Amino acid sequence: MTDPLMLARIQFASNITFHILFPTISIALGWVLLFFKLRHGRTGDAKWAQAYQFWVKIFALTFALGVVSGITMSFQFGTNWPGFMETVGNIAGPLLAYEVLTAFFLEATFLGIMLFGAQRVSNRVHTLATFLVAAGTTLSAFWIIALNSWMHTPAGFAMIDGKAHALDWMAIIFNPSMPYRLTHMLLASGLTVAFLVAGISAYRWLRGDRAPSVMAALRTGVTIAALLIPVQIFVGDMHGLNTLEHQPAKIAAMEGIWETERGAPLLLFAVPDAKERMNHFEIGIPRMASVILKHDAEGELQGMDAFGDKHPPVAPLFFGFRVMVGTGVLMLLVSWIGAWQLKRKSVPSPWLAKALVAMTFSGWVATVAGWYVTEIGRQPYLVQGVLTTAQATSSVPAPMIAATLAMYLTLYAVLTLAYITVLFYLARKAGYGKHEPAPAPSMHTQLAKA
């Protein structure tokens, strides 16, 4: 492959894919840690302190990798995509700066107290630090999603001499798709962490670690997942309707609709053929796509024919969307069955524990698949209707991009494998074994000993 544009797109995709894995965990894990602290403060039960001790180590590791991967990604704005900042830098620059000034500094400052201050500050201050770190991760997500959403549904600006100038910052930040994307992303983070906590805890359980803290974390993960997944399905439907309104070409590709039609079927499976502009091996439910998207069995849905050559590639969106939805259905089944079983019995059955271990990183699968659908679905635009991807690319030679791409892919594969390996190593070496140590008098003392 010698096309510099495609290589640059693949390189940025590899960077964002690796980066998003870690904020997806840290955003919600901070709130789970706060829950553990508050539960210990309310009940005095040492198991919540011990759960905090274990999971705060994973939070620190995750936060560090998220920061490092974010730095490499930001360099590409200048190297591979100079046209982006040249055209919309008046809007993107301030939003990225707000994220650093209001969120990252907050996280980084109080993370030090959260990790190393248990012996130096009061338990109340340490709890406050945990809260501020969790709030910082969420605020960071707010600014990044605001910018990303604006790139999909730009508003509150005017083009003057080929550059975007802000007219209304409230309209820019709270653009038409921002509330749906932010809610969808925060719920995705919650589900990712829920299955991570439940999966790692189930792994410890299967290895004979019967500590009360393990069971407390496992129940917490399963409960969060069972509560959030139906909400995510509802929000996802609302997000889809919003996308249909503002980016109908993306919906057409997701649903595999080549020709505008009434009563469009919901395709469960097909093999899109871009050359023939048709689908092979279709398996679908008649009229169901129109029912879901138009609330009318005979509702008309636009096909790719309505957009000329200004539509995204069909196959990645079609299959990516089904991977996301299929993973969501598995999450629903496993979490609800798990919640029902844990309500009836005090311990998980072996098959449930194994299922939870298998689903440990299911949140990553769904998030990455959904992110690909979102971002590829914006093509051929970088900023919808304003700036195409081709207009923003640089003149960096293809061999240079290919060399750095190979380096990135190798490094990211090694780091991802190392991260997963360390998580399970920490689970095996948690230190609790099969017998819980004597209860500690307070979480403050527990953390000071960690």
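Modeller: A strand here is a DSSP run of E with at least two residues, and strands are numbered from the N terminus. The model is predicted. In it, I285 is placed in strand β5.

Biologist: Why is I285 called partly exposed?

Modeller: Buried means under 20% relative accessible area and exposed means over 50%. The relative accessible area of I285 is 34%, so I285 is partly exposed.

Biologist: What makes the nonpolar surface patch that I285 belongs to?

Modeller: The patch is made by L268, F269, V271, F281, I283, I285 and F319, and covers about 650 Å². Two elements, β4 (266–273) and β5 (278–285), each give two or more residues to this patch. A patch residue needs over 30% relative accessible area; I285 has 34% and therefore passes that cut-off.

Biologist: How do you know that D161 is exposed or buried?

Modeller: The cut-off for exposed is over 50%. D161 has a relative accessible area of 76%, so D161 counts as exposed. Its place is in the loop between β1 (157–160) and β2 (163–166).

Biologist: And what makes the phi of D161 worth a remark?

Modeller: Most residues other than glycine have a negative phi. D161 is not a glycine, yet has a positive phi of about 55 degrees. H295 also has a positive phi, near 55 degrees, and is a residue other than glycine. H295 lies in the loop between α9 (288–294) and β6 (300–301).

Biologist: Which class of exposure does H295 fall into, and why?

Modeller: Relative accessibility is 60% for H295, and exposed means over 50%, so H295 is exposed.

Biologist: Turning to the pockets, what is the volume of the largest pocket, and which residues are closest to its centre?

Modeller: The largest pocket has a volume of about 1400 Å³. It is lined by 47 residues, of which F12, I16, H19, M73 and I144 are the closest to its centre. The largest share of the lining, 14 residues, comes from α1.

Biologist: How does the lining of the largest pocket divide by class?

Modeller: It has 29 nonpolar, 13 polar and five charged residues.

Biologist: What is the volume of the second largest pocket?

Modeller: The volume of the second largest pocket is about 1100 Å³. Of its 41 lining residues, H184, G236, F321, M324 and V325 are the closest to the centre. The element that gives the most to this lining is α7, with nine residues.

Key. Residues numbered from 1 in each chain as written. Predicted model: local features only at pLDDT ≥ 70, side-chain atom pairs only at ≥ 80, totals over all residues. Heavy atoms only, no water. Patch = residues over 30% accessible without salt bridge, like charges linked within 9 Å, V, L, I, M, F, W, Y side chains within 5 Å. Areas by Shrake-Rupley, 256 points an atom, 1.4 Å probe, with all protein chains shown as cover. Salt bridge = Lys/Arg side-chain N within 4 Å of Asp/Glu carboxyl O. Helix = DSSP H or I, 4+ residues; strand = E, 2+ residues; numbered from the N terminus. Buried < 20%, exposed > 50% of the residue type's maximum accessible area, 1.4 Å probe, protein only. 1 Å grid on protein atoms, 1.4 Å probe; cavity = no way out; pocket = protein on both sides within 12 Å on 5 of 7 lines; lining within 4 Å. Points joined across faces, edges and corners; volume = space filled by probe spheres on them. Nonpolar A, V, L, I, M, F, W, Y, C, P; charged D, E, K, R; others polar.
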